[in-house]
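Here is a protein model to explore together. Take a moment to turn it around on your screen before reading on.

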Amino acid sequence: MKALLDFIPLIAFFIAARYSGILAGAGALLIATIVVYAIHFIRQKGTFDKQQWVVLLLTILFCGGTLLLRDDIYLRWKSPIINGIFALTLLVSAAINKPLMQLAMKDVFLLTMSGWKKLTLAWALFFAFMGILHYITAFTMSDEAWINFKTYGWIPIMLVFVIAQFAVLKKHLNPALADKTVK
């Protein structure tokens, strides 16, 4: 349910940007994000995780800047910066032997510390790659190409990466998960 809610701001952006321009898209993205995060806040009993805080605050900052200054350059920087922050955070966590993917996926996979670090580095590289792709589409392609990539172009890339991760890690799945699904 949470993941489905997180697509609402993208849909709002796509529709508004497609029919009324990028500034309208920024407004729709900002409003939809605030509404969706209010729902998350209520459903999560008054809390956000760090990733949610980063996305919410950067969306307010970049969409707000775009709307206040009537310049879409701020919105164009949003996705590359968010992806860069995630990549850097994951790299640092692996470097200090506290791989964040272990924290996020410890109930799904049984890995050694080396395995958790490799998985965390793979995700860091993925986010760096996505940041670069977002930058390229935002600053070298047409508005239409950028809007399309920002809205749904990244989704197949993410799906391929996630499926590849599970294919590589399937032998490390936690057997307790199978027990829970049988019950």
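## About the model

This is a predicted model, in which local features need pLDDT of at least 70 and side-chain atom pairs count only at pLDDT 80 or more, while totals for chains, interfaces and linings use all residues. Residues are numbered from 1 along each chain as its sequence is written, and side-chain values use heavy atoms, with hydrogens and water left out.

## The overall fold

The protein chain has 9 helices and 0 strands. Read from the N terminus, the order of elements is α-α-α-α-α-α-α-α-α. Here helices (H or I, at least four residues) and strands (E, at least two) are DSSP runs, numbered from the N terminus.

Along the principal axes, the C-alpha atoms fill a box of roughly 50 × 35 × 30 Å. Of the 183 residues in the chain, 38% are buried; buried means under 20% relative accessible area, exposed means over 50%, and partly exposed lies in between (1.4 Å probe, protein chains only). Among contacts with a separation of 6 or more, 65% join residues 24 or more positions apart, where a contact means heavy atoms within 4.5 Å.

## The largest pocket

Two kinds of space are searched for on a 1 Å grid over the protein atoms alone. A cavity is a set of points where a 1.4 Å probe fits but cannot get out, while a pocket is an open set with protein on both sides within 12 Å along at least five of seven lines; lining residues have an atom within 4 Å of a point. Grid points are joined across faces, edges and corners, and a volume is the space filled by probe spheres set on the points.

The largest pocket has a volume of about 1800 Å³. It is lined by 46 residues, and Q51, V55, F86, F127 and M158 lie nearest its centre. Helices giving two or more residues to this lining include α3 (22-43) and α4 (50-69), but the largest share, 9 residues, comes from α8. By class, the lining has 31 nonpolar, 9 polar and 6 charged residues. In this sorting, Ala, Val, Leu, Ile, Met, Phe, Trp, Tyr, Cys and Pro count as nonpolar, Asp, Glu, Lys and Arg as charged, and the others, Gly among them, as polar.

## The cavity

How many cavities of 30 Å³ or more does a search of the whole structure find? The search finds 1, and the largest cavity has a volume of about 30 Å³. Its lining is made of L75, R76, S79, P80, H134, A138, W146 and K150. The elements that give two or more residues to this lining are α5 (73-95), α7 (113-140) and α8 (143-169), with α5 giving the most, 4 residues.

The charged end of R76 sits over the ring of W146, 4.3 Å from its centre. K150 lies over the face of F13, at 5.7 Å from the ring centre. A charge sits over a ring if NZ of Lys or CZ of Arg is within 6 Å of the ring centre and within 35 degrees of the ring normal.

## Aromatic pairs

The whole structure holds 16 aromatic pairs. Rings of Phe, Tyr and Trp (its six-membered ring) pair if their centres lie within 6.5 Å; planes under 30 degrees apart count as stacked, over 60 as edge-to-face and the rest as tilted. F109 and F166 form a tilted pair, 5.3 Å centre to centre with 45° between the planes. F109 lies in the loop between α6 (100-105) and α7, and F166 in helix α8, so the pair ties together parts that are 57 residues apart in sequence. F109 is buried at 3% relative accessible area, whereas F166 is partly exposed at 36%.

The rings of W123 and F126 have centres 5.7 Å apart and planes at 75°, so this pair is edge-to-face. Both residues lie in helix α7, 3 residues apart, about one turn of the helix. W123 is buried at 13% relative accessibility, and F126 is buried at 6%. W123 and F126 also belong to one aromatic cluster with F86, F127 and F161.

Is N148 buried or exposed? N148, found in helix α8, counts as buried because its relative accessibility is 16%. Not counting residues up to four places away in sequence, N148 touches F14, R18 and G153.

V162 is also in helix α8, and its 25% relative accessibility makes it partly exposed.
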